[in-house]
Amino acid sequence: MKLNDLKQELLKDKDFKQEYEALKPAYELKRKIIKARLSSKLTQAQVARSMQVSQSVVAKFESNNGDFKFSTLQAYAKAVGLKKLVIEL
């Protein structure tokens, strides 16, 4: 079974779909900021130096689906050159 097929099957479940929709804004935010880093042609190590943290902190920030501090988001956005970041809920 392909990943997209599995996703579509799971989304038929009411509880799964509700949780998926609740997490969607956080995933979209992460997608936008990672895209900004890649568009800027910056490595995680370069972003980390700008943020004055280790590369592993940046990697964790990009991959962790949990909560993060707003100050971390600001520092990351500044490091990748974002001037504006729209968060859709």
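Gln52 sits in the loop between α3 and α4, where helices are DSSP runs of H or I with at least four residues, strands are E runs of at least two, and both are numbered from the N terminus. The phi of Gln52 is near 60°, a positive value in a residue other than glycine. Most residues other than glycine have a negative phi. Gln52 is also exposed, with a relative accessible area of 74%; exposed here means over 50%, buried means under 20%, and partly exposed is in between, using a 1.4 Å probe and protein chains only.

Before going on, a word on what you're looking at. This is a predicted model, in which local features need pLDDT of at least 70 and side-chain atom pairs count only at pLDDT 80 or more, while totals for chains, interfaces and linings use all residues. Residues are numbered from 1 along each chain as its sequence is written, and side-chain values use heavy atoms, with hydrogens and water left out.

Now step over to Lys41, in the loop between α2 (14-39) and α3. Its phi is near 60° too, again a positive value in a residue other than glycine. At 71% relative accessibility, Lys41 counts as exposed.

With a relative accessibility of 2%, Ala48 is buried. Set aside residues up to four places away in sequence, and Ala48 touches Val53, Ser54, Gln55 and Val58, a contact being heavy atoms within 4.5 Å. For a sense of distance, the C-alpha atoms of Ala48 and Ser63 are separated by 14 Å, and the two residues are 15 apart along the chain.

The side chains of Gln44 and Glu62 make a polar contact of 2.7 Å. That term covers a pair of N or O atoms within 3.5 Å; within protein, one must be able to donate a hydrogen and the other to accept it, and residues adjacent in sequence count only if both atoms are side-chain atoms. Not counting residues up to four places away in sequence, Gln44 touches Arg37, Gln55, Val58, Ala59 and Glu62. Glu62 itself is buried, at a relative accessible area of 10%. Leaving aside neighbours within four places in sequence, Glu62 is in contact with Lys30, Ile34, Arg37, Gln44 and Tyr76.

Time to zoom out. The chain has 5 helices and 0 strands. Its radius of gyration is 15 Å, well over the 12 Å that the globule rule gives for 89 residues, so the chain is more spread out than a compact globule. That radius is taken over C-alpha atoms, and the rule is 2.2 Å times the number of residues to the power 0.38. Along its principal axes, the C-alpha trace spans about 45 × 25 × 20 Å.

Buried residues make up 20% of the 89 in the chain. Take the contacts between residues at least 6 apart in sequence, and 59% of them join residues at least 24 apart. As for charge, there are 18 positive and 10 negative side chains, and the centres of the two sets lie 12 Å apart. Lys and Arg count as positive and Asp and Glu as negative, with His and the chain ends not counted; each charge is placed at NZ of Lys, CZ of Arg, CG of Asp or CD of Glu.
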